[in-house]
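Here is a short briefing on salt bridges. It covers which side chains pair up, where they sit and how exposed they are.

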Amino acid sequence: MSLEVENHLQPQETKWPTESNDEKETVSGQTNLPPDDEAAMETEEQKPTVVERLRPAESDFFKDRTCIELARSSWDRPEFKHYLQGCRWSPDGTCVLTTVNDDGMHIVELPTDLYAKEAIGEDRPVDVLTSAVHVKRGAHVYDYAWYPGMNSLQPETCCWIASRRHEPIHLWDAFTGQLRCSYKGYDQFDEVNSALSLIFSPDDGSTIYGGYVKSIKSFDLNVPGRETTSWSLKSTASCMAIAYTMPQTMVYGSWNRHISMLDTRSGEQVSVSKNPHSAGVTWVDFQPDREELFVSGARKDSKICLWDVRNLATPVHILHRTCANNQRVHLDFSPRGHWLVSGDTRGILQVWNLRETDSDGCPKQLSFPLHHDSLNGVSFHPTAPILATSTGQEHITLPASANGNGDDDNDDDTDQSTTSAVPAQPAQPKIENSLTLWWIGKALLSDG
């Protein structure tokens, strides 16, 4: 089967495992190469990729200090506790993957009228998103990641990995929602463990990395089954990241506040010496345009730290958000690294302009109150000025009697002065479990 696709989207040869067993079928990727004379005139570094050519100017993001709601999907029935747990755009930008508590994993598609849009009017109707793919309820999802070469024109590349409680790493088909194969990490007792964090190798996606309790394990994408390599750690790898330009260097965080660098060739590890986080680290990621810089965030900790891999003594900058619960609140860089966004447990989108600084020398910060509930997931579209957000958290719902609304047979005989002295009960929190798409580029705003 001949495929025509850019190198950055698809390795030249990918051997995909079959859905039901460990046998493999080979799919050859074929790239369009220029003639020899053209190749001599234009090097690979000089020639922009398709994705780079499509990316908008990020200086226009948030320029009008507004976010226009484009589409939404909601799970708002409070009795089911269907709160969302982050969201991630697919690498080709056609759809968003999210997980919903006690309702499995969902894929929703980008509305077709938003393709190649340069501006949006504020009066555009809000679309109602429905799930194109739904992997129905199962165990709690720890983490998930898209295959980095995913391209909707090539169905065999459309897949993601996910790790759920008491299960190995599963590879799922993004067209059918069917399980393709599994990757099993074993502990010292030769029992299968669940990965708490997941990433693909960013250069070609041929390696899967899983973060476990006191170990990081690697798996060959082409060979389902047991891990190929394991590195012992002193703590749990709760989150991981690898820079595209440094595919052998991994940064990982742990629940005991440690942030460390791991060289996957030698196994050498280097830890940051002064970590300002006050709780377990739940997020690390590299800045796309300056991959010597990475960001970290922690649960129940307002601090976001920007680090330089060349100097792990202290952070370059410390930014602030509200993170008042134990959720993994996502962070994301824009594709060109101009912006950093973060969720916030108050429902506020926090945005930092990494190209401009304030009077204190820190990146300029913008805040957008978009939601009524905890904003736990943020994700930039890879080629359009669109941002996806996910919301929700577990709420403890008090029974009617606890709110002072229970029936009382003696209501008619109750003295009014006595009832007026009863202290008012706190209002029930607003519940918002939603996946929402926002326009953050040029907007056509009315004069009013």
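**Salt bridges in a predicted model**

Arg-310 counts as exposed, at 62% relative accessibility (exposed is over 50%, buried under 20%, partly exposed in between; 1.4 Å probe, protein chains only). The model is predicted: local features need pLDDT of at least 70, side-chain atom pairs count only at pLDDT 80 or more, and totals for chains, interfaces and linings use all residues. Residues are numbered from 1 along each chain as its sequence is written, and side-chain values use heavy atoms, with hydrogens and water left out. The whole structure holds 22 salt bridges (a side-chain nitrogen of Lys or Arg within 4 Å of a carboxyl oxygen of Asp or Glu).

- Arg-310 pairs with Glu-292, with the closest N and O atoms 3.9 Å apart.
- Arg-310 sits in the loop between β27 and β28, and Glu-292 in the loop between β25 and β26, 18 residues apart (strands are DSSP E runs of at least two residues, helices H or I runs of at least four, numbered from the N terminus).
- Glu-292 is partly exposed, at 22%.
- Shared partners join Arg-290, Glu-292, Asp-308 and Arg-310 into one network.

**Lys-442 and Asp-60**
- Their side chains form a salt bridge at 3.9 Å, N to O.
- The pair links distant parts of the chain, 382 residues apart.
- Lys-442 is partly exposed at 47%, whereas Asp-60 is buried at 17%.

**Lys-81 and Glu-394**
- This salt bridge spans 3.6 Å, N to O.
- Lys-81 lies in the loop between β4 and β5 and Glu-394 in the loop between β34 and α3, so the bridge ties together parts 313 residues apart in sequence.
- Lys-81 is partly exposed at 35%, and Glu-394 is exposed at 51%.
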